[in-house]
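Here is a short report on one protein chain. Look over the sequence and the model first.

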Amino acid sequence: TITVNPTIALNYTVTVWDSIPHLCSVFSTATINIDLSPRDLKILTNDTTVCYGDTIQIQAVGTQGYTYHWAPATGVLDTTALEPQIVVTQPNIYILTASYPYCLDTSVMFSVDVEQYPTVTISAPKEACKYTEAIFNSNVSPYRNDYVYSWTPNINLSSANTPNTIFTADTNRTYTLRVKTPAGCMGADSISIVVHPGNFGDAISDMGYCPPGEVELWATGGVKYKWEPSTGLSNDTIYNPRTNVNATTTYTVYITDDKNCQDTFDVIVTVYPLAVLTLPDSIVIHKGESYRVEPHTNCLYFDWFPPSGVSDPQSSDPELNPSVRTKYYVTARTENGCETTDSMIVMVDGSKFEMPNAFAPGSGNIFKPIKRGDVTLNKFAVFNRWGNKIFETSNVDEGWDGTYNGTEQSAGVYVYIIDAVAKDGAPIQMQGNVTLVR
């Protein structure tokens, strides 16, 4: 037995004899190799996280001649291989030990974590009505707070990357939710939803009417109906209620079909203003005169009866010139068809003149006869209190201006006379007084 302390790699040979050397003795020779190169043991595969059941191919570097052992043996397909495959089913710290006779063991470690494949279950309705919202909820196990969610297709969804989302129904579609862990372990579930049509109903168009009275509304396409508000309605749960509402109202009808889908319509019922027509009860005209009607009204269409003596029976303001006392009736309608009637009496008096009883000259004022009816003036004369004629004319449009021969006359009472003839030849004689005021 000897002890050596080499500083370089050497091969030692030892020969053992059974007697004195070289005297035909039996001997045996052996060689001992001393390798001073460093022992090399490295796991090149980094610590990692994988999905449950994944296989890892280990990459490592070792020294020739060494034996190897992996512990624990869980999932290791060959515990004595330097670079085995490991089927991962649980988190572990694996230790690789290198051994050589008479040398101390060398160990290195490799850590692996495991993420479970998520189990995804979608909870959602199988049917929906078009234009409504359907809530898609998901349940994922095992629970993690770092999942990545992805809904596809991303159409009509409130969000495409959250556990739960809202679908605004438009058409039949299948949605898939994919859930991933940080390591990419993925689970998925799908849901198919049938979307029933949402525009299946119909309703009356906007309309109006003239009070008092009522109109019939209608809606179709459903098995149930609900009208709101119920104001003025004969029944708010039938398809054809009648309304006598007294102010313009917007009704909303909710139509429900046999799949419990709902269609909605707004119907505006306009209450038109009442027809207004105000005429005088009676008026007086003189023969040969006409009276122009000026009614207070909101109507546009008129019908006067009888038509005789009416300049335009369809006018709102015709001229009336009947030859005898006549009662006229008029039916008037607004642009919306609201109707009203009224009447007036036209009394016919004989032709004459109307004269004022006082006169203040100046500012263009003159004293003259006011003709009523169809008359011809022969003479109009004015006399002072001494009987002197100070003005005379046969022109009904001329009058006395309060002067005589260019001189202003004093205030006082003056006398006038009128000589005329009516259209029918009847003479008209008038005499009276007028007070001149200054």
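The notes below cover the model, its salt bridges and a surface patch.

## The model

This is a predicted model: local features need pLDDT of at least 70, side-chain atom pairs count only at pLDDT 80 or more, and totals for chains, interfaces and linings use all residues. Residues are numbered from 1 along each chain as its sequence is written, and side-chain values use heavy atoms, with hydrogens and water left out.

## Salt bridges

A salt bridge is a side-chain nitrogen of Lys or Arg within 4 Å of a carboxyl oxygen of Asp or Glu. The count comes to 14 salt bridges.

R242 forms one with E216, with the closest N and O atoms 3.6 Å apart. R242 lies in strand β23 (residues 242-243) and E216 in strand β20 (residues 215-216), so the pair ties together parts that are 26 residues apart in sequence. Strands here are DSSP runs of E, at least two residues, numbered from the N terminus. R242 is partly exposed, at 30% relative accessibility; this class falls between buried (under 20% relative accessible area) and exposed (over 50%), with a 1.4 Å probe and protein chains only. E216 is also partly exposed, at 38%.

D146 and R144 meet in another salt bridge (2.8 Å, N to O).

## A nonpolar patch

I93, I95 and M109 make a nonpolar surface patch of about 300 Å². Such patches join nonpolar side chains (Val, Leu, Ile, Met, Phe, Trp, Tyr) within 5 Å, from residues with over 30% relative accessible area and no salt bridge. Areas come from the Shrake-Rupley method with a 1.4 Å probe; for residues, only the protein chains shown count as cover. I95 lies in strand β9 (residues 92-99). Its relative accessible area is 33%.

How values were computed
Patches are made of residues with over 30% relative accessible area and no salt bridge: like charges are joined within 9 Å, nonpolar side chains (Val, Leu, Ile, Met, Phe, Trp, Tyr) within 5 Å. Helices (H or I, at least four residues) and strands (E, at least two) are DSSP runs, numbered from the N terminus.
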